[in-house]
Amino acid sequence: MALTDEQLLSITESPFKQDFPLLANNPGLTFLDSAATAQRPAVVLDAERRFYETMNANPLRGLYGLSVEATAAIEDARARIARFIGALDDAGKPEASSIVFTRNASESLNLAARTLPQVVGLGPGDEVVISIMEHHSNLIPWQQVCRATGANLVYLRPNDDCVITPEEIEAKVGPHAKIVSVTHVSNVLGVENPIAQIAARAHEMGALMVVDGAQSVPHLPVDVRALGCDLLAFSAHKLGGPMGIGVLWGRKELLDAMPPFLTGGEMIDSVSETDAVWAPVPAKFEAGTQDAAGSYATDAAIAYLERFGMEALEQRERLLATYLTDQLRALPYVQVIGPADGSRHVGAVAFNVEGIHPHDVASILDMSKVCIRAGHHCAQPLLTWMGLQSTCRASVAFYNDKADIDRLVEGLGTVWGIFHGSL
Amino acid sequence: MAVSSATPASLYNPQFMDHVNNPDYNYQMEDPTHVHEGINPSCGDDLVFSVRIGDDGRIEEAAYQGHGCAISQASADMMSDLVTDRTPQEALELCDLFMRMVKGEVTDEDELERLEDAALLRDIAHMPARVKCAELAWRTLSEMLSKDGEA
């Protein structure tokens with residue numbers, strides 16, 4: 001799908017780079033690895049600092065103004081995050097208490113995997129359904145849960161067009177399914193999975209639906225009600241927030257029913273020598289002092305995205321992904337992995353250069369200050385299933401522009417030249 | 001921002017690429033006395049290294065087979081050339097020198113000259129992600145000779 005002149009013009013320059021100190025200060029740098037971690041805008045860095053300069057106190061604990069202010073800042077962050085993902089209560093207000101802070105999406109998913117088995121009474125003969133395109137973070141926790149409980153791990157697999165079909169969903173999410181946990185967007189193939197259909201089937205079979213939103217929440221307008229899921233995990237650092245903050249959203253009744261994951265300070269109502277009473281959610285899942293500055297800075301990161309609107313950012317990213325895919329496909333020695341239609345790639349486009357190991361491709365590109373990822377992308381079962389050892393992956397965010405992609409393509413020309421003696 | 005001093009020309013230079021594209025030691029050896037496999041699971045580099053130690057106690061012939069990135073393959077070819085006609089003890093010392101070079105612990109040019117072509121890989125010291133690739137052959141040989149692996 002070729003872009004129109006008008007579309008091409010709209011991605012020729014990036015009005016956003018000036019907001020990101022690392023990009024603004026390194027004009028020669030081509031950052032095409034946002035699927036691994038996004039760059040952070042100055043407003044996020046400022047927020048992190050502002051927290052420590054103006055409201056630093058241990059939230060929840062203190063009975064003085066400063067601590068109350070810190071607590072309020074975190075509650076505001078929860079409310080913004082809830083609104084951002086459509087977690088509204090019956091009155092249409094953001095349901096702040098449904099937002100649990102963790103360290104990252106991996107921890108959110110581990111929290112789910114360690115606590116849901118107890119809720120659903122997972123045991124031998126039951127099934128946990130995931131997809132073959134899961135990141136290890138949404139794969140290993142369930143694999144281990146299945147080994148411990150005797151449940152079977154079942155994989156949804158996409159067809160040749162990278163689609164998990166309705167037939168596949170019906171075949172794999174059956175009456176024995178107790179938990180279904182699927183990534184919204186694949187970090188390798190870049191495709192968006194039919195979460196709403198999978199969730200509907202899961203619920204029909206009486207199973208709970210967990211969604212790994214690490215690659216979707218930063219790039220698409222996500223609405224947990226539209227997805228129909230029970231839990232949603234994602235990381236702040238992929239949407240411009242700080243590293244070390246993850247989110248787990250959950251349906252309130254489910255969060256109430258889940259046992260704690262970590263225990264200790266802050267997560268109790270009362271403790272005796274022999275027992276403890278858990279605090280209400282979300283505190284029940286937040287043992288110990290939290291990264292309050294990180295939560296506050298996450299609020300700033302989402303406020304920054306909201307300034308432009310996720311619909312507008314998504315549209316720009318689709319154009320960038322389309323241009324990226326088209327340019328890669330135009331190189332005779334490059335094979336794009338995943339859909340040929342670039343508009344189906346949410347951020348990430350995996351590819352290989354014929355006969356050249358992805359690590360060599362990435363190293364040579366690095367020498368031209370082009371940053372891409374190479375390896376198995378923490379999705380080894382997917383690559384093995386596809387008969388691949390490793391791939392290159394370029395991924396875009398809204399702050400990229402056409403010139404970034406052109407520099408990648410030029411760098412790939414250098415890679416090919418070095419290996420074929422024309423340089 | 002830390003920027004690597006390496007350029008495509010400094011590491012992936014014609015001399016290095018010649019080891020990649022026209023290796024002298026990438027073949028199945030007849031009657032080896034030692035065979036050892038080395039893998040880098042995360043990159044998929046896989047190398048089987050063979051040597052034949054002669055009656056005089058020296059490495060008569062060295063060869064490798066397998067697949068991987070250019071750095072692991074070129075490194076294996078350079079190493080095979082270097083250790084031919086050496087004693088196992090000398091080879092082990094060279095392995096140690098190489099591994100210290102790619103970790104950036106040895107930069108003295110005179111000392112690195114002992115590594116001959118393999119000294120071309122000194123820039124790996126600035127590319128921590130690639131140290132494992134460069135080391136694979138040397139680690140494999142070192143393991144093989146240290147434990148005196150079986151043929």
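The question below concerns a sheet, and the reply goes on to helix packing, the contact between the chains and a second sheet. In which order do the 3 strands of the open sheet of chain B lie, and is their pairing parallel or antiparallel?

Analyst: The model is predicted, so local features are described at pLDDT of at least 70 and side-chain atom pairs at 80 or more, while totals for chains, interfaces and linings use all residues. Residues are numbered from 1 along each chain as its sequence is written, and chains are lettered from A and ligands numbered from 1 in the order in which they are written.

The sheet in chain B is open, with the order β1-β2-β3 and antiparallel pairing. Strands here are DSSP runs of E with at least two residues, helices are runs of H or I with at least four, and both are numbered from the N terminus; two strands pair if DSSP finds at least two bridges between them. β1 (34–40) and β3 (59–67) of chain B are the edge strands, each pairing on one side only. On average, and ignoring direction, neighbouring strands of this sheet are turned by 15 degrees against each other (axes are lines fitted to C-alpha atoms, for helices over the stretch in contact, and angles run from 0 to 180 degrees between N-to-C directions).

β1(B) is joined to β2(B) by 7 bridges, the two strands running antiparallel. Here Glu37(B) stands opposite Val48(B) in β2(B). The two strands make a hairpin with 4 residues between them, and Gly44(B) in the turn has a positive phi of about 80 degrees. On to the next pair: strand β2 (residues 45–53) and β3(B) run antiparallel and share 8 bridges. Within this pair, Arg52(B) has Glu61(B) of β3(B) as its bridge partner. Helix α6 (residues 131–147) of chain B packs on the sheet and touches β1, β2 and β3 of chain B, its direction making about 150 degrees with that of β1(B). Contact means that the C-beta atoms of two residues, placed from the backbone, lie within 7 Å.

Chain B also has a pair of packed helices. α2 (residues 14–21) and α3 (residues 70–83) of chain B meet at an angle of about 90 degrees, their axes 8 Å apart. The two helices, α2(B) and α3(B), are therefore roughly perpendicular (65 to 115 degrees; under 35 is roughly parallel, over 145 roughly antiparallel, and the rest oblique). On the α2(B) side the contact involves Phe16(B), His19(B) and Val20(B), and on the α3(B) side Ala70(B), Gln73(B), Ala74(B), Asp77(B) and Met78(B). By class, this contact has 5 nonpolar, 2 polar and 1 charged residues. Ala, Val, Leu, Ile, Met, Phe, Trp, Tyr, Cys and Pro count as nonpolar, Asp, Glu, Lys and Arg as charged, and the others, Gly among them, as polar.

Between the chains, 17 residues of chain B are in contact with 13 residues of chain A. The chain B side of this contact divides into 11 nonpolar, 5 polar and 1 charged.

Chain A has an open sheet of 4 strands in the order β11-β12-β15-β14, with antiparallel pairing. β11 (334–337) and β14 (373–375) of chain A stand at the edges with a single partner strand each, so one side of each has no neighbour in the sheet. From one strand to the next the twist averages 30 degrees. Strand β12 (residues 348–353) and strand β15 (residues 391–395) of chain A run antiparallel and are joined by 4 bridges; Phe351(A) has Cys392(A) in β15(A) as its bridge partner. Helix α12 (residues 310–329) of chain A lies across β11, β12 and β15 of chain A, at about 10 degrees to β12(A).

Elsewhere in chain A, helix α6 (residues 140–149) has Pro141(A), Trp142(A), Val145(A) and Cys146(A) buried. A residue is buried if 20 or more other C-beta atoms, placed from the backbone, lie within 10 Å of its own, exposed if 12 or fewer, and partly exposed in between. Seen down the axis of α6(A), the buried residues fall within an arc of 135 degrees, so they line one face of the helix (the arc is that of the directions from the helix axis to the C-beta atoms). The face turned away from that buried side carries exposed Arg147(A) and Ala148(A). The cover over the buried residues includes α5 (105–120), β3 (127–131), β4 (152–156) and β5 (177–183) of chain A. Just after α6(A), Gly150(A) takes a positive phi of about 85 degrees.
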